[in-house]
Amino acid sequence: MKTAKLESLLGYTFRNPELLTRALTHRSWAHENMTGRSDEDIRAEENESLEFVGDSVLGLVTAEQLFVKNPTLSEGDLTLMKHRLVSTATLAEVASRLGLGAHIRMGRGEDKTGGRQKAAVLADTLEAVLAAVFFDGGYVSARTVIARVFVDELRAASPKGSLDYKTLLQETLQGRKLAAPVYALIRTEGQPHARTFFVEARWEAGLSSGSGRSIKSAEMMAASAALKMLQNGLAAA
């Protein structure tokens with residue numbers, strides 16, 4: 001594969017180009033071009049396992065960068081900013097800026113349905129590329145590349161500009177091709193002037209709860225809990 005232009009945009013040259021090739025290989029290409037091969041052989045060629053690592057590497061680098069730039073912010077503000085930065089929408093935007101879609105090895109069927117422009121495909125491929133950098137050059141190289149390609153997003157990150165937990169949860173679920181959550185008031189406690197509301201957020205194979213002095217704040221807490229569950233793999237994805 002001709003990847004010199006992409007490496008230039010990343011600011012990183014691979015010692016092992018095969019890592020980058022795998023990171024750019026969509027499962028549709030592997031299934032179309034490796035007919036008769038074992039599932040294990042196919043998985044060794046496609047990028048899904050790299051996506052898994054890239055998600056964690058990106059999360060760590062983003063958390064580190066946000067803390068260094070905003071050492072006095074609360075955990076809640078930092079969490080909101082981080083969720084926004086690692087969302088499918090943001091990743092797809094960065095991937096588009098890099099022209100990543102043109103470099104993906106993709107099956108003919110997926111290509112014909114506009115796979116190179118799909119936000120989820122672009123986001124997943126970018127995560128795989130970041131994992132490839134990590135395995136090829138280590139954490140410092142991955143951090144340098146992420147700081148380079150996310151420079152505008154990191155610079156613009158602000159707690160005032162961050163979305164609320166409910167919106168972030170909806171974006172996260174949409175990025176995983178799941179329906180939006182449904183919120184339900186379960187019960188209330190206390191006197192009318194000091195009432196506490198208890199709310200549940202339900203989504204496909206997932207459930208979280210939250211409480212607050214208003215229904216809105218209780219929904220926010222339920223959404224925050226849901227995001228943590230999804231991030232930690234405690235709910236269906």
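The legends below describe close-up views of a predicted model. Residues are numbered from 1 along each chain as its sequence is written, and side-chain values use heavy atoms, with hydrogens and water left out. Because the model is predicted, local features need pLDDT of at least 70 and side-chain atom pairs count only at pLDDT 80 or more, whereas totals for chains, interfaces and linings use all residues.

**View 1. The packing of helix α5 against helix α9.** Helices (H or I, at least four residues) and strands (E, at least two) are DSSP runs, numbered from the N terminus. Helix α5, residues 48-69, packs with helix α9, residues 119-137, at an angle of about 80°, and their axes are 7 Å apart; axes are lines fitted to C-alpha atoms, for helices over the stretch in contact, and angles run from 0 to 180 degrees between N-to-C directions. The two helices are therefore roughly perpendicular to each other, a term for angles of 65 to 115 degrees, with those under 35 counted as roughly parallel, those over 145 as roughly antiparallel and the rest as oblique. On the α5 side the contact (heavy atoms within 4.5 Å) includes L50, V53 and L58, and on the α9 side the residues include L130, F134 and F135. The residues of this contact divide into nine nonpolar, one polar and four charged, where Ala, Val, Leu, Ile, Met, Phe, Trp, Tyr, Cys and Pro count as nonpolar, Asp, Glu, Lys and Arg as charged, and the others, Gly among them, as polar.

**View 2. The largest nonpolar core and the surroundings of F14.** A nonpolar core is a set of buried Ala, Val, Leu, Ile, Met, Phe, Trp, Tyr and Cys residues joined through side-chain atoms within 4.5 Å, buried meaning under 20% relative accessible area, exposed over 50% and partly exposed in between, with a 1.4 Å probe and protein chains only. The largest such core has 42 residues, of which L10, F14, L126 and F150 touch the most other members. Helices that each supply at least two residues of this core include α1 (4-10), α2 (17-23) and α10 (139-149), while the largest share, 10 residues, comes from α9. Not counting residues up to four places away in sequence, F14 touches E7, L19, L20, V129, A132, V133 and D136. Apart from this core lies another, of 13 residues, among them Y165, L168, L227 and L230.

View 3. An open sheet has the strand order β1-β2-β3 with antiparallel pairing, where two strands pair if DSSP finds at least two bridges between them. Strands β1 (182-189) and β3 (206-212) stand at the edges, each with a single partner strand, so one side of each is left without a neighbour in the sheet. Seven bridges join β1 to β2, and T188 stands opposite F197 in β2. Seven bridges also join β2, residues 196-203, to β3, with W203 opposite G206 in β3. Helix α13, residues 215-231, lies across β1, β2 and β3 and runs at about 140° to β3.

**View 4. Residues in the connecting segments.** In the hairpin of β1 and β2, which has six residues between the strands, G190 takes a positive phi near 95°. A205, in the loop between β2 and β3, has a phi near 60°, a positive value in a residue other than glycine, and counts as exposed at 66% relative accessibility. N70, in the loop between α5 and α6, is buried, with a relative accessible area of 18%, and touches L78 and M81, not counting residues up to four places away in sequence.
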